[in-house]
Amino acid sequence: MKYFFEKMQENAIERNDIYCLLIISGFGRGMGLRVAKNPSKYKSLQLNPFELHCISVNERKKENFVPRYIRAKEKVSTQIPNLFSELNAISIYTSNQYSFYLDDDFNPYNTTLLIAPGDSIDYINQSIRNEGAVLIDSYEDGWKTRVVLCDEMRNMYTEECMMETKRSTLCIRYNNCIIWITSGEIKEKADVNLNFSIMDTISYWLAECKDIIEDMELLNTLYHFSIILEGDKKAYYYAPTEDITVSDLIRVEKRGRHYNLVWTPKAYSQMSCKTNAKEKELCQMLLDILNNNAYEPVAYEDRLDKLFDNPMRRKIFSLDFQDKPYYKPILFTADRLVREEDEDYLLDIIGKSILQSSKWTYGVIPDEKRTMIANEVVGMLYKMLQEEVEVLSSHHLVEAIYSDLEEVLYKLMLAEKTYAYELSCYPEKEEQYITEYNNLNRVSLALKFMMEYVAAKPPKGEVTLGIGKYEYILAICSLIIEWAYKNDLFHYNIFNTPVEILKSDRIGMKQDEFYTIYQYGDKYRREQLYYKSSSDFHKKYTINHEDYSDSLDIAFQAEYGYSFTQFCRLIMGMIEYGKEREEQEVYIAPKEKLIEYIVQIDEKLSNEIAIAIIKDISLTERDDFLKVPSGFRKEDVYPWRFNRAYSFNRRPVIIRNDMIIWGNRQLYHMLMYKTLIYLPQLLYNIKHSSWSYEKEYRCIIASTANGMPFIDAKPKAIYIGRDCSDKNADCLFDIADEHEAKIYKMGFDDCVDSYELYYYEFYK
C-alpha cells in the first residue's frame, strides 16, 4: 500500500481522488478489516466477492459507482461499526436516487443514521432478477452455456464472454425452442457495426414473431443462425443500384440445425430502402427455414403482414455521412453525462458554504434577495470551476473535450433522425428515449461551457484529467448554467418561486412553476422529435426555391469582408481535410499547413480570406474568461444565454498556439446554424415579386446599433385586414386620424372565382 501511495504522489494524485476498497474473500464467519494508514481522504469500503458481483449487475450502467458511493457515504454518521453487509447502505443509497439526502428536514451531518440489516436481501434479489442468468443449450453441439438477460419483454439473452470468443451472440427463448444468432469472428472495427446491425434486426423480428414460431411443431428444440460477411466491408455501405429480393442475395448453407447466412455488400445494401419491406423479406426467409423444419407448415402470411403494417417499424436505415458529417458512425462511445451523484455532492457543499458565510440563515429568502443568493451560488460555483481547472495539465485536454462534443452531437442528430423508428419498434421505451435525449442536451451545454472556458484559460497544472474529475467539473458547469438561468427568471420577474434554506442545509425551491414550464417544453420536444424523424413519410410538395446566394454574399461582404460563398468553401475545405483522416474524430493541423491545403484545393480562396474566416470562427486564449474581445457584449460569454455571438456554437474551432483544432460534426453544425441565422434575416427583409404593388419596404436594425437614422415616413392610407377585431380597428382609426390618413378594409367578392381580395373605404 505504501508503494502505491508513493507512486500516486509522484503522479500528482491527490488524497481526495484515491478510494480504498477491501475485497474480503474467505470461508466461515464474517471478518472486519481496516487500513492502518489510509492514503484516501475517505473511509475504506469492505465488500466480499459476491457483494461486488451484485453491484456490478445492478449498477452496470453507472460509471464509477463505487468511488461516488464512498464519497457520498462520507457525510453519513452511523457511529456503529458495520457488522452487517455493506449492501444494506448501498440499497438505501440507490433506491433514493443515488443519494443519502433522505428528506428536506433530515441533515445527515447532524443526525446519526442506524442502518439495520434487511435491505441487502432486496438488493441481492434485484441483482438476480436483473442478471437473469440461466444455463441453456449452446449453439455449439453438446455444450451448455451461461447467458444473461438483455431484453426481458422479448425473452432475449446474450453470452458475456465476447472478449474471449471474439464473437457476438444472442439467443431467443421460446416455449418450443431456442434460436441462436451469432456473428463470425470479429477481427476489425468494421465487423462490429455490420454484425450488430444484422443481428439486431434478425433477433428483433424473430422475437416479434413469437406467436408464429410457437405455433410451429418444430423438429428440433434449437436452431442456430450464423452471420458470415463476405466481400469488401466498405462496399456494404454503398447505395443499392437495383431492387432485388433479399432471399436471392443471401446464401444459406445448412448443416443440420445450423444455418450459415452468408451476406454480401449487395445483400446488405438492399436493407437501406425507406420502408421495412426488405426487413420483411428477410424475416419471411427465416420463418420459411423454420417452417420447412416443422412437422406441418403453418400459414403465417396475414400475421406477418400485420407485424410490418407500420413502414416506420424498421431496424436498419441508411444515413449519408458524406453529405452530412453529423452521421459518421462512432463505434465505441464514452457515454459522457452530467451525473446526478456529482450534483448531489455539490448541492451539499453549496448549502453548507452559504450558511457558513453568516449572511443567510434557515427559512424563506425575501423575494427581493432571491437574485442575491442566486448570484452568490453562481459565484461560488465559478470559483470552484476555476480551482478545479487551473491544476489540470493541458496535454490532450482540449482534444478530450472535443471528442466528447463530437460524440454527443452525433447521438443528438441520430436521435432526431431515428426517434420515430425506435418508438415504432419499442413503444415501451418512450420515456427512456426522452430521458436520454434530455441528458444529451444537458451534457452538451456543460461540455461547450467547459470548452469555452478551457480555450480562454488553458490550465498550466500537472494533474491529468481522470473520468471522475472530468464529470465532476461538468456537474459544476451544469449547475452554473442552471442557477444563472434561474437567476434570470427571478431578475426579469418571469418566475415568482419562493427560495428557502432548508433544515437539511440545502437551498430549496418550489418546483411548481419549473414543472409547468418543463411540461410545455417536454410536449413540444416530443412532437418535434417525432416530426423530424418521420420526415421521409411526410407528404412532399414541389416548391420553386429562389436562389438567395447573391444576396447572402452581399450581406456577408458588408458584415465580415468576405462572401457567404467563400465562408462555405472554407468550411467545406476543412471538412474535406478531416475526411482524408477518417480514422480520427478530432483534427489538429498547423495553421499555415491547413490554409495552404485549402487554398490549393479552392482557387477562389486567398490566404487573407482564409485567415479572416478562421479568425471569425475560432476561440482563443484571453486574460479573463468573463471579458470578451471588443465588439461583443458581456452577455456573449454567459453559457446560460441563447444566441451568443462569442460561443462554441458559432466558433467551434480552437486555436492553441499555432495549431488549429476542430471536429467535422461541430463545424458542419456551425455552418447550418450560421445559415439559419442569416437566411431568415434576409427573408424578413424581402417579399415575393407578386407583392411589389404594395411598395412596402422592410428593414431590420440590430439591437446594438447606435445612431441609426429613422425614416420620416408619413402614411397616406391604412388597410385593415378582413378579420381584424373591432378593438384593433378602433386603435387603427385613432392612428389614421393622427396622420390624416384614409382607412380601408379588405374583403372577398363572393361573385368572383379568383379569390382575390379587394378593399373599400371604411368608416367608424
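Analyst: At 5% relative accessibility, Tyr42 counts as buried (buried means under 20% relative accessible area, exposed over 50%, partly exposed in between, with a 1.4 Å probe and protein chains only). The model is predicted, so local features need pLDDT of at least 70 and side-chain atom pairs count only at pLDDT 80 or more, while totals for chains, interfaces and linings use all residues. Residues are numbered from 1 along each chain as its sequence is written, and side-chain values use heavy atoms, with hydrogens and water left out.

Tyr42 sits in the loop between strand E1 (21-23) and strand E2 (45-47); helices (H or I, at least four residues) and strands (E, at least two) are DSSP runs, numbered from the N terminus. Not counting residues up to four places away in sequence, Tyr42 touches Asn16, Ile18, Tyr19, Ile70, Arg71, Glu74 and Tyr345, where contact means heavy atoms within 4.5 Å. The C-alpha atoms of Tyr42 and Ala72 are separated by 9.7 Å, and the two residues are 30 residues apart along the chain.

Asp636 lies in the loop between strand E15 (618-619) and strand E16 (653-656). Leaving aside neighbours within four places in sequence, Asp636 is in contact with Arg644, Ala645, Tyr646 and Ser647.

Next, the nonpolar cores. A nonpolar core is a set of buried Ala, Val, Leu, Ile, Met, Phe, Trp, Tyr and Cys residues joined through side-chain atoms within 4.5 Å. The largest has 160 residues, of which Trp263 and Trp662 touch the most other members. Apart from it lies another core, of 21 residues, among them Leu47, Phe65, Ile90 and Tyr93. Beyond four places in sequence, the contacts of Trp263 include Ile198, Ile227, Tyr236 and Leu282.

Finally, a sheet. Three strands form an open sheet of mixed pairing, in the order E18-E19-E20; two strands pair if DSSP finds at least two bridges between them. Strand E18 (717-720) and strand E20 (757-761) stand at the edges with a single partner strand each, so one side of each is left without a neighbour in the sheet. The twist averages 35° from one strand to the next (axes are lines fitted to C-alpha atoms, for helices over the stretch in contact, and angles run from 0 to 180 degrees between N-to-C directions). Strand E19 (residues 742-748) runs antiparallel to E20, joined by 5 bridges, and Lys745 stands opposite Tyr760 in E20. Helix H23 (residues 726-739) packs on the sheet, touching E18 and E19, and its direction makes about 175° with that of E18.
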